[in-house]
Amino acid sequence: MRKAVASQELSGAISPAKEKKAAGAPFAWREKLRPYLYVTPAMIFFTLFFFFPIGYVIYLSFFDWTLLNLKAMDPVGLENYTNLVSDSDFHQVLGNTFVYTVSTVVLGIGLSFFLALWLNRKARIYGIIQAAVFSPHIISLVSVAMLWMWMMDTQYGLLNAILEVIGLPAYPWLTETGSAMVSLILVSIWKGLGYNTLVFIAGMQSIPRDIYEAAALDHSPWWRTLTRITIPMLSPTLFFLLVINTISSFQVFDTIYVMTQGGPVNSTNMLVFYIYEQGMDFYNGGAASAASVVLLILVGILTFFHFRFMGKRVHYQ
Amino acid sequence: MGQIGRTSLKTIEWILLAAVALVFVFPFLWMFLTSFKTLPEVFQFPPTLLPESWQLENFRKAWESGPFLTYVANSLIVAVGTLILQFLVGVPAAYAFARYRFKGRNLLFGLSLIALMIPSQVIFLPVYVQLSNWNMIDTLWALILPFGASAFGIFLLRQAFMQVPDEVIEAARLDNASEWKIMWTIMVPLAKPVLVTFGLFSFIYHWNDYFWPLIMTNSDSVRTLPVGISMLKASEGGKQWNVIMAGNMMLVLPILAVFFFAQRHIIKAFIYQSK
């Protein structure tokens, strides 16, 4: 693959010269400029709303400022960061984000893997179930949050009614410190499970048939086929899902905002909500921008590994 | 063992399949059923499954609790406007990435891919500051412009443009068609399936989006449907779940209807990034 890229570069260097001859010189420079003109609008948008903000938030994190008066910015060096390091609320926010992320990613991917093994079949009914499991993924998270908030209502909610029918005690879904986090994790898994399952199924369907046929000829038992063929062949899919799920867990906000507002007593306060609260409610721009930089670094590390791995994967093909 | 074992195994599997479907579909059904119940019925424990009498009242209440026509209009303007802008910006970029070799191409394309990975939640704060410096907070521009270039759209279109055989373009060039014309009148129609896929993805994303309009708007005249609906929770005194669920139906039903008819396209659109 590296070689292929290199030869592309080479031909890229050669072809403009050819074009020049064919075009007869005078308009050649215009043709050379053309691709740059074509990508310019997109690059302007990316710069204004993506690359510049990344630099800007790093810059902002070295100032004491508030959204109420953007003209008054006091440079404070690393103070915003040292404040975060000593802020016990922020420690809790990081801890919550960690617990939430690990739980949703591990449970979400694990469950969807088994679901995919089960539902990856031709018959029509499996297609219907796949679509059903997928449907929450395309529904607005705010509706999902309100719907679950209603079902998790301690007194009148559907979930506690079901628990009572089974003979279990009512669960304080959103009202106690330990349980609220469990509930948010549950909602997130429910919403994302179909996406993960269908990505796994797409991965499984791209594994060449003949490998399985050869395994069947060898009378390989199902668990060996699973651990020696399916799982290794799915490793790129698995890695992709790990990265995507982790990034999307980091950005959790809507469910927190609608269902818990970070409570009870900060037990479900996580990074994006913390940034929102500090920046928009408490007008503490310094803390908000420093926390944004922390989040940016976390997502940046994941993105880096993602591209490293994607590059390798292409390389080995 | 054989025959009986196999039938009972099949039965167990059907029961499990039904259970899985129930877990994912029933909550929507519960939203639907709740939206027709009276308030006393909502606060009845244990709850009833079907409404005792089907009330349309809740929908009227939800609709009248705020300027919902404005919310719907804003949602449509934002979703459609964003899509059009993404199309106009994305097509030339994708065409250049697919069809030209130029210095810096790989770098610029790589930068676009990074934009694909970083969610808007990570950089909303600096974008907010910037938009407020430009006096754009609380305008529809703040909901459209930041999404003007879609990395995902450029990525998809580039793949589609790369698959167009060279002969098609050569033939058009021999007819003296300009590059600009080739791009819009030959390449774009050939990429139609991808445009549909991307259109569905982008529209659903922006129709559903709650986070961005919540942060960027303060007044009813520019709020979108998800924000308007989330305010039902606060404005309706206590928690009138029947009215809240009726409001949410406005947001959910169009998407579920589209999903029902264009299931395959939508799943393809959302799963595509994994490949």
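This is a predicted model: local features need pLDDT of at least 70, side-chain atom pairs count only at pLDDT 80 or more; totals for chains, interfaces and linings use all residues.
Chain B has 15 helices and zero strands, while chain A has 14 helices and two strands. The table below puts some values for each chain together.

| Chain | Residues | Buried residues | Contacts joining residues at least 24 apart, among those at least 6 apart |
|---|---|---|---|
| Chain A | 317 residues | 39% | 68% |

**The outline of chain B**

How does the radius of gyration of chain B compare with that of a compact globule of 275 residues? The globule would come out near 19 Å, but chain B has 24 Å. Along the principal axes, the C-alpha atoms of chain B fill a box of roughly 75 × 70 × 35 Å.

Domain 1 is made of two stretches, 1-64 and 240-261, and domain 2 covers 80-235. The C-alpha centres of these two domains of chain B lie 35 Å apart. Where they meet, eight residues of domain 1 of chain B are in contact with seven residues of domain 2 of chain B. On the domain 1 side, helix 14 of chain B gives the most, with seven residues. By class, that side of domain 1 has six nonpolar, two polar and no charged residues.

**Where chain B meets chain A**

Now look at the contact between the chains. It takes 71 residues from chain B and 66 residues from chain A. Several helices of chain B give two or more residues to the side that touches chain A, including helix 1 (2-34), helix 4 (68-99) and helix 11 (192-208). Which helix of chain B gives the most to this side? That is helix 6 of chain B, with ten residues. Sorted by class, the side of chain B that touches chain A has 54 nonpolar, 13 polar and four charged residues.

**The nonpolar core**

The largest nonpolar core has 151 residues. Among the residues with the most contacts inside this core are A:A145, A:M149, B:A93 and B:L157. Helix 4 of chain B supplies the largest share of the core, eleven residues. Leaving aside its neighbours within four places in sequence, A:A145 is in contact with A:V187, A:D254, A:T255, A:V258 and A:M259.

A:H219 sits in the loop between helix 9 (209-217) and helix 10 (222-233) of chain A. Is A:H219 buried or exposed? A:H219 counts as exposed because it has 7 C-beta neighbours inside 10 Å.

Another is A:Q261, also a residue other than glycine, with a positive phi near 55 degrees. A:Q261 is found in the loop between helix 12 and helix 13 of chain A. With 12 other C-beta atoms within 10 Å, A:Q261 is exposed.

The loop between helix 12 (254-260) and helix 13 (271-281) of chain A also holds A:P264. The peptide bond leading from A:G263 to A:P264 is cis, with omega near -10 degrees.

How values were computed: Residues are numbered from 1 along each chain as its sequence is written. Chains are lettered from A and ligands numbered from 1 in the order in which they are written. Helices (H or I, at least four residues) and strands (E, at least two) are DSSP runs, numbered from the N terminus. The radius of gyration is taken over C-alpha atoms; the globule rule is 2.2 Å times the number of residues to the power 0.38. Two residues are in contact if their C-beta atoms, placed from the backbone, lie within 7 Å. Ala, Val, Leu, Ile, Met, Phe, Trp, Tyr, Cys and Pro count as nonpolar, Asp, Glu, Lys and Arg as charged, and the others, Gly among them, as polar. A nonpolar core is a set of buried Ala, Val, Leu, Ile, Met, Phe, Trp, Tyr and Cys residues joined through C-beta atoms within 7 Å. A residue is buried if 20 or more other C-beta atoms lie within 10 Å of its own, exposed if 12 or fewer, and partly exposed in between; C-beta atoms are placed from the backbone. Domain bounds come from an automatic or database domain assignment.
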